[in-house]
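Subject: Structure for your review

Dear colleague,

Please find the sequence and structure below.

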Amino acid sequence: MNDFIEFCNLKRQYNSHKEDFLVAIDAVCGKTSFIEGEFVKTFEADFAKFCKVRNVSCVNSGTSAIHLAALAMGISDGDEVIIPANTFIATAWGPAYTGAKPVFVDCTSDTWEIDPGKIEEAITAKTKAIIGVHLYGLPFDVDAVKQIAEEHGLFLIEDCAQAHGALYKGHPIGGLCDIGCFSFYPTKNLGAFGEGGCVTTNNDAYTKQINSLRQHAADGLGNHETIGFNMRMDGIQGAVLSYKLKSLDETNKKRCAIAKRYKEEITNPCIAMQKLSKSSEHVYHLFVITVAQRDCFIKYMREKNIECSVHYRIPCHLQKAFVHLGYKPGDLPNAEH
């Protein structure tokens with residue numbers, strides 16, 4: 001019997017670099033720099049250089065990154081934020097936490113990312129921002145969405161949680177719009193040894209506010225003039241991420257090589273793959289397909305000792321958490337498909 005091929009094998013990654021990881025962790029413990037501190041600051045500087053942005057603010061998760069980005073932009077109760085329905089629910093949590101209303105729009109039928117053609121009809125006098133998601137590692141159509149945002153005076157947020165190292169027209173994602181939000185969940189292309197995330201921006205005012213909010217909105221003199229949060233990154237995650245960042249380009253190349261082989265050798269007409277863009281460089285956080293008989297396909301793959309999963313079983317607009325928004329089946333057919 002063939003070995004079981006896991007969907008994500010984190011043990012192999014750890015065992016391949018075990019001694020280096022332990023050295024990095026021991027350095028943090030030796031200096032007891034457990035919360036934020038020099039190791040997080042070093043990673044912030046390293047990642048800013050990698051993304052070619054001026055500022056990086058590390059936080060405790062990608063969800064917190066979106067939340068604090070929304071707050072930094074002044075998004076609040078009564079505002080509306082346009083979001084693709086075909087994304088992980090955390091994309092919508094950030095605006096919802098501020099009291100804003102998520103307004104879901106459909107994805108395209110081929111890239112499965114936010115459809116620029118559906119955005120304008122969703123804009124109202126209450127719209128404050130648009131969130132585009134670089135889905136599965138493929139940058140969304142940034143220029144098309146950015147043009148709409150600029151024409152209507154809206155903020156544009158990049159959800160970069162699945163696309164560390166991806167390029168759009170030769171430029172790293174994370175610095176293409178007003179703010180970028182990353183997750184360092186362990187299974188990501190750049191994953192921590194626990195939860196983690198960050199906000200990237202070239203706007204110093206956003207960075208100052210986020211850096212304050214993530215640490216109880218303290219000013220260092222015992223003053224808390226607004227409600228803050230405990231959303232700091234810990235030192236061990238900073239040290240681990242700095243080490244792993246050094247090999248991110250190489251590991252992304254390996255992902256791309258595997259994806260290239262899939263695309264060349266999978267010829268089954270029942271399988272549809274995500275359409276690529278000539279302007280973007282995909283980094284394949286996931287290799288996603290669609291098939292008509294999904295459950296039968298998954299059963300067949302598992303019988304062959306190949307694990308696969310589903311992203312996402314229920315689109316955001318049909319989740320019970322958002323039932324009050326009034327969406328119904330059939331409203332956003334591509335996302336539902």
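Two strands are said to pair if DSSP finds at least two bridges between them. Helices (H or I, at least four residues) and strands (E, at least two) are DSSP runs, numbered from the N terminus. The model is a predicted one, in which local features need pLDDT of at least 70 and side-chain atom pairs count only at pLDDT 80 or more, while totals for chains, interfaces and linings use all residues. Residues are numbered from 1 along each chain as its sequence is written, and side-chain values use heavy atoms, with hydrogens and water left out.

Strands

Strand β4 (residues 127-133) has a parallel neighbour in strand β2 (residues 80-84), to which three bridges join it. Within this pairing, V81 stands opposite A129 of β4. Strand β5 (residues 155-159) also runs parallel to β4, and five bridges join the two. Here I131 has I157 in β5 as its bridge partner. Between β4 and β5 the chain passes through helix α7 (residues 142-151), and this β-α-β crossover is right-handed; that is, with the strands pointing away from the viewer, the path from the first strand over the helix to the second runs clockwise. Six of the seven residues of β4 are buried, so the strand is mostly covered (buried means under 20% relative accessible area, exposed over 50%, and partly exposed in between, with a 1.4 Å probe and protein chains only).

A separate description applies to the open sheet of three strands in the order β7-β6-β11, where the pairing is antiparallel. Because β7 (171-172) and β11 (280-281) stand at the edges, each with a single partner strand, one side of each is left without a neighbour in the sheet. Strand β6 (residues 167-168) is joined to β7 by two bridges, and L167 has P172 in β7 as its bridge partner.

Second largest pocket

A pocket is found on a 1 Å grid over the protein atoms alone, as an open set of points where a 1.4 Å probe fits, with protein on both sides within 12 Å along at least five of seven lines; lining residues have an atom within 4 Å of a point. The space in this pocket is about 220 Å³, a volume being the space filled by probe spheres set on the points, which are joined across faces, edges and corners. Helix α10 (residues 248-265) gives the most to the lining, with four residues. The lining divides into six nonpolar, three polar and three charged residues (nonpolar: Ala, Val, Leu, Ile, Met, Phe, Trp, Tyr, Cys and Pro; charged: Asp, Glu, Lys and Arg; polar: the others, Gly among them).

Salt bridges

The structure holds 12 salt bridges, each a side-chain nitrogen of Lys or Arg within 4 Å of a carboxyl oxygen of Asp or Glu. One of them joins R214 and E36 (2.9 Å, N to O). This pair links distant parts of the chain, 178 residues apart: R214 is in the loop between α8 (204-213) and α9 (235-245), and E36 is in the loop between α2 (18-31) and α3 (37-51). Both R214 and E36 are buried.

Another salt bridge joins R261 and E265 (3.1 Å, N to O). These two residues lie in helix α10, four residues apart, about one turn of the helix. R261 counts as exposed because its relative accessibility is 56%, and E265 is exposed at 53%.

Yours sincerely
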